[in-house]
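Q: I am new to this structure. Could you show me how to read its features, one at a time?

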Amino acid sequence: MSRIGVFICYCGSNIAGTVDVEKVAEVARTLPNVVHAETNKYTCSDPGQAGVKAAIEKYNIDRVVMGTCSPRMHELTWRKLLADTPVNPYMLEVANLREQCSWVHKDKEVGTAKAIDLIKMAVAKVDKLSPLKSTQIPVTKRALVVGGGIAGMQAALDIADAGYQVTVVERETSLGGKMVMLDKTFPTMDCSACICTPKMSEVGSHPNITVKSYAEVESVEGYVGNFDVTIREKAKYIDYNLCTGCGACTTKCPTKVINNFEQGMSARPAIYKMFAQAVPAKPVIDAEHCRKIQENKCGACAKICPTGAIHYDDEDKVTTERYGAIVLTTGYQLIDWKPLYPEYGGGKYPDVITGLQFERLVNASGPTEGHILRPSDGKEPKNVVIIKCVGSRDPHKGVAYCSRACCMYGAKHAHQFLDKVPDGRCFVFYMDVRTPGKGYDEFYMNTLQDGAQYLRGRVSKIYKEGDRLVCLGEDTLTSAQIRIEADMVVLETAMVPAEGVDKLGSMLGVTRDKDLWLTEAHAKLRPVETNTAGVFLAGVAQGPKDIPDTVCQAGAAASKVIGLLNHDHLESNPQISRVNEALCQGDGACVNICPYHAITLVQKQFRENSQKITRTVASVNPGLCQGCGACTVTCRAGAMDLLGYTNESLMREVDALCQW
Amino acid sequence: MTTYSYFPGCSANSTGISYTKSADFVCKKIGIELEEIPEWCCCGTSAAKLTSYDLGYALPSRSLALAEKLDASRPIVAPCAGCYAALKDALVYAQASKENLEHVRDMINMPYEASVQVMNLLEVFSTQEAKDALQQQITKPLSAFKVACYYGCALVRPVEVCKFDDPEDPQSMDTIMRLAGAEPIDWSFKTECCGAAQQMAVPKPSRVLIERIFQNAEANGANAIVTACPLCWMNLDMRVKAINKERAEAGKPAFDLPVFFFTELLGVALGGDAKTLGIDVHFQPGAPAFIDQKVKESAQIEEERKLAAAEEARKLEERAAKLAAKKQAKAEDVHSPQGGEQ
Amino acid sequence: MSDIQEAMRSRAKELLESGEVNAVIGWEAGRFENQTTPLITSQAAKTQRLVFNEYCVNNLGKYPRDLTAKGKVAIFARGCESRAIIRLLSDEVIKRENVYIIGIGCPGMRDRTTGELLKKCAECRHGDPVIYDEMLGEPQAKPATQERFAEIQKIEALPRAEREAYFTNAFSKCIRCYACRNVCPCCTCRQCFVDQRREGWLGKQNNIAENRFYGLTRVMHVGDRCIECGECERVCPMDLPLMSLNRKVIYDINNLFGEYETALSLDEPPSALTTYKVDDVEEFM
Amino acid sequence: MSMVETTPGAWEPKIVAFCCHWCTYTGADLAGLNRMNYPANVRVLRIPCSGRMNPQYALDALNKGCDGVLVCGCHPGDCHYSTGNYFARRRMLVFKRLLEYQGLEPERFQVRWISGAEAGKFRDTVTEVVEQVRALGPLHLNHELVLSGMEVE
Amino acid sequence: MKIVDLTVIPADDRTAVAAIAAEAQVNFKDCYQCGKCSAGCPMVQGMDLMPREVIRYLQLGKVQEVLNSKTPWVCAQCGVCTARCPQNVDICATMRAVRHAAKDAGITPVREADVFEDEFIKNVRAHGRSNEQYLAMKYNLRSGHLMQDVDSAPAMFARGMIGIATHNIDSRDEVSALIDRVLQNNGAAKEAPKGGDAS
């Protein structure tokens, strides 16, 4: 037999004004298994709480109904109160006598009658609850940041500065991501390298940060506070403990490989540093192109290395470590426009380049040392056409969404070109100009003043005539077909998710939207969280955005991580799903429906009819389950139940409600 | 030997006579038989479709049904790009749904299953069988020909109907020309409209289209234009004269590019003469002379290439011999008592 | 059909004698004329009792559930049996390696007394097995003679009060014998909701409203996985129009979420009620 | 004893509203905070998510004497658990059709998406449902015992 | 320049737009007016509206502007607009549909295109096949462009490309019956180009 205590609050006159509180208590005393009911002027006040505690002790109460304000207001207060008493904090039901009774009714009789019903429902429900214990989940006080671009670096630095260990996993051989490739950043036009490379070296030398470059996440197990992450560091063939980064080796290598950092516009050796200020500031060997590794010839780099740091027999290093939180900053790549736009030459014309190629061309450390020269013949282009929305907003050939930063960097490119080639002319084909952001529209207007000729329309075709590229477009504002003979065309192409992010997302239970961007837990209220507790997002991985927004988000994600790592333990929510294995037939309907991937099917041994048998049953991971209860309804066998909202307790609550 | 059902098209015996003659010649040479569909009628081309959608489907479907009756297992070949597009469009329509097929049957009042395959002549020459045969039979490689392959609209558009080659930069004709020893130039107007359909009704704007095709072909270094459509061919070959006249008035240089059917050039490579291939009836009178000239140049180039190759081979041999001699000497060294220690 | 019967007998005998299977599930002649009953045997000799005629009305598809624990069983399967087996397989009730499926084409079965085609067979869209290890004889490709949702549309067209009366009247006859549940290949819970006393989902009392709610709950449990074999309706001793409930759910799923027919292959997508689309029909705004 | 005694003795509809904790329950609280008025005929039963709404609760409520059932959750796309209401939407679409097919008046079983900010919508919905059900009158389910072979007119 | 009043779009105009959309199987709302169609259109020099503007007027419901436009009649049906449209709008089919609608309404803004089309079908109707020399002749007569392409005719004649003989097929009655049947069952029946062809 349960021993239920009912505590009814006056809330000054808030409840008592419309509800005859004493009468409610009187009726409550008559309800089955209720051993005590009392009223209180302000239950949440210190004396009020002391009164509840005393009554619990005096009447040996084992479960409690609080007839007070909304549970959204004080459920946690009551749980804390009960934690100080012999009553289990989850043996509690709150009857909402204020927000959903006294405040919405005027007639005291009506209010009183309804309050009595609400108490009856709560009594019926609490009668069927059972004690729950939240388990303590230990928190490993280290964070993993996947991706070493500006988002990853910012998040890592913020977390590390708060005193926690951070590991940054970067797929490329250096930190920096896309930002370090850029020349200038809009709208202030400060040099990208000047603000990005200091961050890189800060990350590289931070005592709390470990950088794993040339590495990828291979698998993830576990849950919030306890992610076991396996990371594969690709063989670098160079012992970084011995290497001094002198760079002698890179000068001796005879091999020439297309330089991806320079967007294919120059060559690099097979032993190389991605760029001058790379962090780690040490080279790697590109095994695929190294003659020593492929054909056992050459070996020039090992011969010249003064410290003997080069080992051709190096192997991938796979390590598994535990992290408390993970930040995903996997960024983007540019859409491969070549197969999509044969009408723009499909890559046939070397002088039709992408925005990122333009960034390298205009960059003082780029292949042309900052002189804008055509890739085809090294001449300075005089007529440049910039085409925006290539791949973006093109559901037929590319992606449907707007890539958000192109309007601004398109304007930046126009400005930079006109700045560097004063006798040049620049035409920008656009569909819309979208410049929300501090100083952004002013920047665009300045570009117009610089002389950039904006034309509203998409280009239909680019073709070669002589050594010029003819662009056919429409100026939809005058309805004239436009023909421009250009020396160079810059395509501002769409951002698409980095390769492999789909796999990483499914490894972590982070959903991807239809375009494969990682999805935040709530578009407005939880923008850097994901549906998997302990996994956070920042930067373009979540959707196209510019650098300021990326850095903002990285800081936000870091603060969430710091908040999490600040705890020694996490209280697990005990109101989660539970499997009744006797009823479970293991058909897995619940597995598909769970948004947290918290349910798995396991083989278990049972004794049934005095025989040992092995059956498939569902198993709930308490670290992942968030207690939504979707699985319980899917389970027609009734094997899945939600603690705190059990089928039995809800059914009795319904029954009680029907008796009014 | 593959047999196709043959849909010659209305221009086969008139303006497209050269196409018919040369295709005939080449097909015979490489063992492709064309059996004409008895009682075929006009495909209706865009005019029928513009009059009524149904007529645009009904006219070609009638010929498709006749081809089915002839032999449903054989693909139809339509050399004319316009006919090809009309036939294929009607076929795709009838295959899209049962209702469509039923509707077509009602209109043409004939048994019809929409089961025959429709091919253009480029597709036929792109089959492995045809390519192998061509490779074997070519006697006069076209080495001095720098051709601009012009495909026009109807072979590649609508994209979802034709599904035959890339709509912006198709390659099938280029491949065939390369096979014949010619150098197909990279240019940008392969599939830009030549305006043939509108030359009668709206001549002025349509003229411009011809001009820009010649312009781009010339600018990219072609010495001839090659087509796979009698309408395009006529439009380009016949009207360039008037355009050149206008250009002369404007002080611009005239275009000097003969226009050929790809089958004509294949015929030349297979040893055919200008008359057999119909090259003598071109509107631009210089065509046969051009062929003669280029064939001569080609032979010269081939000769030079042969000599160069022989020279290269000789050099290689020499080098190999030298290397062998060196090795020999080294080996002898090793075998000698002084060197045999290690 | 007698050819098939012979083939069935010899195949069953071979399978049992070779030890390839532990038991065979088929039909044998019943006590009355034109009546058959399921035959489950492990003895090779008894396979001579197997029959196949136009009166094999039982869907054998659920029997493997109770038999495969002891080893592999062979089952003669028409469309309905094969789909029942797919149901059991996708619900993880049995394992594929434990069932050997011998497909036979089905011409449709007849009522023993009237000789008419059974309702469930007239409605059947898949007479021939959709999965089998071997096939005896030719597929019959019998078309459905009854429109799949004709019955539903007819009931839907009735005024509300008449619909209520129709089902009240129907379920007033229900005796809660649970034969529908026991025969259903979708009903494979280890304990049925009606027996879960602690939750008390539904009263045990045999009253009309609760009988109706029993039917409603059952169809919410099985409707999205129903293979439309019609056995529930056939076995109902009180002739309740049970398929008119199951098909209603299928009909709505069809209309709401796209063409739906379950248990036609082993790699079918999850049930329509355990998936969703962001742009599903919205009428709750 | 605790009949709603606005007009003593008169029948008053009984409605149960199953509300998800994160949106509709919050919206209902906000209605209180704003001192909105709505009929006292509704009892809110809190569930964590509309995805937790088992159709059997609704059947139990109707069976045991409720005259109407309202199920409420977050707007699709706003689910606290990201997908719960999508599943609920499918399930309720089918369940509602099934109930109506058997003759239940559509007004007696309704589903609405009400966000935490939509206090007004909560009040209006509740008022509307109460009035609709009031117009229909009490739900009469036939609870007669079944005797074998009995026919009901 | 002109003022376009959008306050009220007559029901007839809306129906007409819907009919054009249905025939072309195009949702005009898909178009976001990027102009890529018109940027690549080879025939713009003969047009009074850009193809983009045709779609724009259809979006606005101003069907009269479109029916009276030369653009659909100047369109060469080359399909390059449709192939490149980022929103998959079938502009080419829209042009055909507008042309049909205009003809139904008795509007032929480019008479020559209409005449050519008519003569072409007549020619096929009479012979089962198209005979270019007679087509050209008839067209020139009816359109009034008497001397068009005439300078090429002697060359063609001399080269055996054209002759006085016509190419007929035996079953040309079947073809004419087919054409009549289809056009009669069609809205276009009103304008069915019947009538004898002298040759």
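Q: Which residues have the most contacts inside the largest nonpolar core?
A: A nonpolar core is a set of buried Ala, Val, Leu, Ile, Met, Phe, Trp, Tyr and Cys residues joined through C-beta atoms within 7 Å. Buried means that 20 or more other C-beta atoms lie within 10 Å of a residue's own; exposed means 12 or fewer, partly exposed is in between, and C-beta atoms are placed from the backbone. In this predicted model, the largest nonpolar core has 217 residues, and Val6(A), Ile119(A) and Ala17(D) have the most contacts inside it. Helix α5 (residues 108-127) of chain A gives this core its largest share, 11 residues. A second, separate core has 174 residues, among them Tyr4(B), Cys27(B), Trp73(E) and Phe116(E).

Q: How should I read the numbering and the limits of the model?
A: Residues are numbered from 1 along each chain as its sequence is written, and chains are lettered from A and ligands numbered from 1 in the order in which they are written. The model is predicted, so to speak of local features needs pLDDT of at least 70, side-chain atom pairs count only at pLDDT 80 or more, and totals for chains, interfaces and linings use all residues.

Q: Which residues is Val6(A) in contact with, leaving aside its neighbours within four places in sequence?
A: Two residues are in contact if their C-beta atoms, placed from the backbone, lie within 7 Å. With those neighbours left aside, Val6(A) touches Ala25(A), Ala28(A), Val34(A), Ala37(A), Val65(A), Gly67(A), Ile119(A) and Val123(A).

Q: Is Arg3(A) buried, partly exposed or exposed, and why?
A: Arg3(A) is partly exposed because 16 other C-beta atoms lie within 10 Å. Arg3(A) lies in the segment before β1 (4-9) of chain A. Helices (H or I, at least four residues) and strands (E, at least two) are DSSP runs, numbered from the N terminus. Beyond four places in sequence, the contacts of Arg3(A) include Asn33(A), Val35(A) and Tyr59(A). Arg3(A) and Tyr59(A) are 56 residues apart in sequence, with 8.3 Å between their C-alpha atoms.

Q: What pattern does chain D follow along the sequence?
A: Chain D has 4 helices and 4 strands, and the pattern reads β-α-β-α-β-α-β-α. Of its 153 residues, 65% count as buried.

Q: How many residues of chain D are in contact with chain A?
A: In chain D, 38 residues are in contact with 37 residues of chain A. On the chain D side, α1 (24-33), β2 (42-47), α2 (55-64) and α3 (84-101) each supply at least two residues. Of the elements of chain D, α1(D) gives the most to this side, with 6 residues. By class, the side has 19 nonpolar, 11 polar and 8 charged residues. Here Ala, Val, Leu, Ile, Met, Phe, Trp, Tyr, Cys and Pro count as nonpolar, Asp, Glu, Lys and Arg as charged, and the others, Gly among them, as polar.

Q: Where is the pLDDT of chain E below 50?
A: pLDDT is the predictor's confidence in each residue, from 0 to 100. Chain E averages 86, and 92% of the residues score at least 70. The pLDDT is below 50 over residues 188-199 of chain E. Where pLDDT is low, the predicted coordinates should not be read in detail.

Q: How many residues of helix α3 of chain E are buried?
A: In α3 (residues 51-60) of chain E, 7 of the 10 residues are buried, including Pro51(E) and Leu58(E).
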